[in-house]
Amino acid sequence: MGDCEKYPDSDKEDEQKCYPHIHNRNKNVLVQDNYNLFSGKSDLVQNLLDHKIPIFFNKTEYSKDDELTNSFYESKNEDILTIDFMNIQVVSLKAITNSDSIESIAYRMNQFLSKYIKEGTKFHNHWFVLDYPTNDLVRKIYKSIDSSTLNKRNEISNVVQIDGFVIYTDFDYYIVSAENACLQRRTVKTQQGYEEEFIKSNYKCVDNKKNKWRIMPKDNYYNIKSSYDAKCLSYSKSRLSMSYCDDSQSKQFSIKNGKICLRSGNYCLDSKFQIQPTIIKPIRYEYLTCSSNYLKAGYKCCRNQYAKVEKVDDIGNWAKENGEWCGIGYERCSFEVLGYHCCSSVNPKVVKEDSYGKWGEEDGELCGIGEMNRVVLFRIRNVKTKQCILVNNSDGNLIDLGECTTSNHSLWHVTNVDEYNNKRITSDKNGKCLFAANACTSGLEVCENVMNIKDRYMHFEFVEDKYLCVKNNRNQKYNCLSSKTLNFEETYDKNDQSFQWEIQDIDGGVITRKETDPYNPDRNHDLPKDSPDNTSTSDCPVDDYPCCSPEITEVAYTDEKGTWGIENDGWCFISGSTSTPKSSEPTTTVNTTTTTIITVCFSEALGYPCCSDPNAAVATTDEFGQWGIENNEWCGILGSETNVPTLTPTINTETYYLYNSASNNVYTLLVS
């Protein structure tokens with residue numbers, strides 16, 4: 001049902017594409033799945049719910065009053081099912097902007113449905129498929145199911161009504177001000193190295209447990225309990241703080257007409273507040289110390305969340321621990337690479353402005369406002385030909401392959417458009433977007449025009465960080481760019497380097513050496529490049545690189561020329577050395593006679609440890625296995641795995657670990 005793109009539509013034939021379809025021979029399963037419908041989807045859903053729309057079966061239209069259509073609204077008919085897909089897929093969005101993402105559109109659809117479901121609304125065997133649902137909406141749908149087979153528990157004791165809103169005491173909520181700030185706990189590290197916690201009511205909303213609260217009735221007042229550790233908001237000694245809940249009046253508040261005041265009445269929070277439901281999250285993300293985006297990308301949160309930020313990208317802020325990248329914080333901040341945080345206030349005051357951008361001040365420290373002034377440009381280089389994607393000189397609507405230069409013909413802006421790392425690629429030469437017509441033919445066009453042309457794809461994925469691909473909406477398979485045809489081919493050979501690409505970071509028109517660029521995704525040293533045509537005048541036997549000083553003996557890399565070290569933050573050749581370096585490219589062989597089988601938990605592939613007790617109490621179960629809790633952190637229960645993802649081989653000292661999916665074991669591979 002992806003052909004429907006507008007509802008209502010003056011063209012009768014086009015509007016018919018939007019009508020729900022019966023999908024089985026028994027004529028008892030009705031489906032609305034207009035995943036490409038961006039304009040008017042809430043109107044379509046409402047007409048379906050209100051019994052005001054025809055349906056289709058075997059290419060035949062049945063009016064809204066037809067007996068077959070009526071059968072899906074008869075409360076006594078237990079043999080029917082309606083499935084209502086509320087989501088819109090990413091490739092179909094016609095106006096992807098910072099404020100018009102999949103999540104924001106899902107939020108509007110969910111808000112529509114939440115407002116539609118009023119007290120007494122009943123659905124008959126009607127199922128909804130939702131993106132980013134809240135607990136409140138799920139509860140509303142659950143209570144609206146009209147089925148005699150549903151055993152409903154008494155929920156009266158779990159419900160309070162505040163300012164006309166129904167609040168469930170077992171759900172998490174944001175407490176949001178009129179200025180769109182959130183009541184939240186914020187921990188700050190002092191200059192003396194101590195952590196100090198503040199309660200903020202003027203900081204931007206951030207998705208983490210310290211921003212979420214539960215409202216618990218206490219006589220005619222309320223305890224405001226943190227979802228993070230079940231401590232209660234308290235007011236004493238002229239300041240807000242957190243402490244263990246008890247019956248003291250310093251922890252009891254009135255909530256009326258948006259004002260939150262202490263029971264005694266001698267203190268009220270500034271502004272007016274609304275209590276808003278939070279989006280349901282997988283339970284393993286609930287107590288993360290950083291954004292879940294890092295885990296989705298295959299990384300962990302840094303144990304030290306005050307570690308120095310070494311890079312910032314579209315996912316967030318990064319540091320290194322034990323040689324591995326890890327995530328810092330819940331929101332990306334480009335100023336972090338300078339050693340400063342971004343301002344958290346909703347409307348921070350500008351105290352100064354310089355070449356880096358605008359600055360404010362919070363908690364006695366400078367903080368950055370908005371984005372730091374820096375434009376990052378990229379070249380897209382083919383691994384096989386060593387050539388780059390260019391804008392065609394004679395036709396600015398075509399791409400070409402040619403010499404990699406620093407002119408804007410070969411420079412591109414590569415930006416993430418959603419949480420799944422889909423990317424938009426825009427030419428620095430003419431501002432046009434790269435697209436794939438019918439997921440195949442490449443071209444360049446004004447970005448807004450591409451959005452409005454059917455079957456033109458402008459959101460790309462770098463699959464395995466090598467292949468520049470689009471996902472074909474018709475078969476959900478990847479079509480990947482070939483340097484031979486400059487088109488996106490449906491079949492591609494992963495061993496053919498003509499399909500392999502790399503993104504090169506260009507800063508100020510110069511290819512930036514990774515070891516000197518604090519913004520680069522990896523600050524490890526680039527390998528020595530092939531020698532240029534000119535010959536160095538030094539006595540060193542390699543061109544364009546110096547020999548190491550005699551005291552530099554540690555080998556960092558080896559190639560056909562010999563062995564290399566690092567001196568003065570650059571490569572140097574170790575003259576006369578014939579030793580095999582420890583960190584040279586290893587060859588691995590399985591020791592078939594002494595291989596040790598090491599049983600590991602599924603959770604280790606997801607960034608969580610094994611529970612030390614294999615009989616730990618089960619706290620929750622998901623699609624991967626059973627989870628316990630130790631030291632207030634999630635851990636996997638040994639032997640409970642149901643679907644273990646393949647582990648990428650990782651290095652631990654001189655041993656490789658390789659996951660065997662057939663035996664659910666990890667084998668050691670000895671490094672020779």
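This is a predicted model: local features need pLDDT of at least 70, side-chain atom pairs count only at pLDDT 80 or more; totals for chains, interfaces and linings use all residues.
Residues are numbered from 1 along each chain as its sequence is written, and side-chain values use heavy atoms, with hydrogens and water left out.

The protein chain holds seven helices and 51 strands, where helices (H or I, at least four residues) and strands (E, at least two) are DSSP runs numbered from the N terminus. Of its 672 residues, 42% count as buried, a term that stands for under 20% relative accessible area, with exposed meaning over 50% and partly exposed lying in between (1.4 Å probe, protein chains only). Among the contacts in the protein chain with a separation of 6 or more, 48% are accounted for by residues 24 or more positions apart, contact being defined as heavy atoms within 4.5 Å.

Two packed helices are described by the angle between their axes and the distance between the axes. Axes are lines fitted to C-alpha atoms, for helices over the stretch in contact, and angles run from 0 to 180 degrees between N-to-C directions. Helix H2 (residues 41–49) and helix H4 (residues 102–116) have axes that come within 10 Å and cross at roughly 30°, which makes H2 roughly parallel to H4; angles under 35 degrees count as roughly parallel, over 145 as roughly antiparallel, 65 to 115 as roughly perpendicular and the rest as oblique. On the H2 side, Lys41, Ser42, Val45, Gln46 and Leu49 meet Met109, Phe112, Leu113 and Tyr116 of H4. By class, this contact of H2 with H4 comprises six nonpolar, two polar and one charged residues, with Ala, Val, Leu, Ile, Met, Phe, Trp, Tyr, Cys and Pro taken as nonpolar, Asp, Glu, Lys and Arg as charged, and the others, Gly among them, as polar.

H4 also packs with H5, at an angle of about 40° and with the axes 10 Å apart, so that H4 is oblique to H5. In this contact, Asn110, Leu113 and Ser114 of H4 meet Leu137, Lys140 and Ile141 of H5, a set with three nonpolar, two polar and one charged residues. The buried residues of helix H5 (residues 135–143) are Asp136, Leu137, Arg139 and Ile141, and they pack against H4 as well as strand E6 (126–129), strand E8 (165–168), strand E9 (173–177) and strand E18 (273–277). In the loop between H4 and E6 lies Phe123, which counts as buried at 6% relative accessibility; the C-alpha atoms of Phe123 and Ser144, 21 residues apart along the chain, are separated by 5.8 Å.

Among the strands, an open sheet of four has the order E23-E26-E25-E24 with mixed pairing, two strands being paired if DSSP finds at least two bridges between them. Strand E23 (341–342) and strand E24 (352–354) stand at the edges with a single partner strand each, so one side of each is left without a neighbour in the sheet. Within this sheet, strand E25 (residues 357–362) runs antiparallel to strand E26 (residues 365–369) and is joined to it by five bridges, with Gly368 in E26 as the bridge partner of Trp359. Strand E47 (residues 626–630) and strand E48 (residues 633–636) likewise pair in the antiparallel sense, over four bridges, and Trp627 stands opposite Gly636 in E48. The hairpin of E47 and E48 has two residues between the strands, and Asn631 takes a positive phi near 55° there.
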